[in-house]
Amino acid sequence: MGLTHLPASHFLKNYLAPWATQIAGRFGYPVYLVGSALTLPEPRDIDVRCIVPTADFKARYGDPKVWSRGLWMTRENGAIAYAADMADLSREAALALKLNLDFQVQPPLEAHQFQGFPRLRLDALNLPELDLDAIGA
């Protein structure tokens, strides 16, 4: 397999590690590369996720059960704070790393729908892997 056929993840794992480690330290949970960057040599964007327990998500952004019904852009339950935080973090990362990066913090309820899909741990902190079923999906 030639270098041009490798998934972008081969490059991104090392390139994103310092930034991902900083984000993991900020939120206290692991940071993962997900999406097409794990399978395509030239993904449209770089999807990065930090999955936090429901209680932590609620404390920052409100009840994820409301959000799971498609109300992500309402004024209810911290949606404005969530949208602002994710936009700021994605924009800062995109400018610093020169990538089209989409960063999201997700509660287990949101992340659980992607269980079984590939993900690659990016941060270098000694944080335990999260079990979506055990943390309140």
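In helix H2, which spans residues 54–61, the residues Thr54, Phe57 and Tyr61 are buried, where buried stands for under 20% relative accessible area and exposed for over 50%, with a 1.4 Å probe and protein chains only. Seen down the axis of H2, these buried residues fall within an arc of 60 degrees, so they line one face of the helix; the arc is that of the directions from the helix axis to the C-beta atoms. An α-helix has 3.6 residues a turn, so residues three or four places apart point the same way. The face turned away from the buried side of H2 carries the exposed residues Ala55 and Ala59.

This is a predicted model, in which local features need pLDDT of at least 70 and side-chain atom pairs count only at pLDDT 80 or more, while totals for chains, interfaces and linings use all residues. Residues are numbered from 1 along each chain as its sequence is written, and side-chain values use heavy atoms, with hydrogens and water left out.

Contacts (heavy atoms within 4.5 Å) are listed below, leaving aside neighbours within four places in sequence.

| Residue | In contact with |
|---|---|
| Ser90 | Leu101, Asp102 and Phe103 |
| Ile46 | Leu12, Leu16, Leu33, Ala37, Leu99, Asn100, Leu101 and Asp102 |

Ser90 lies in helix H4, residues 79–97, and is buried, with a relative accessible area of 11%.

Technical notes
Helix = DSSP H or I, 4+ residues; strand = E, 2+ residues; numbered from the N terminus.
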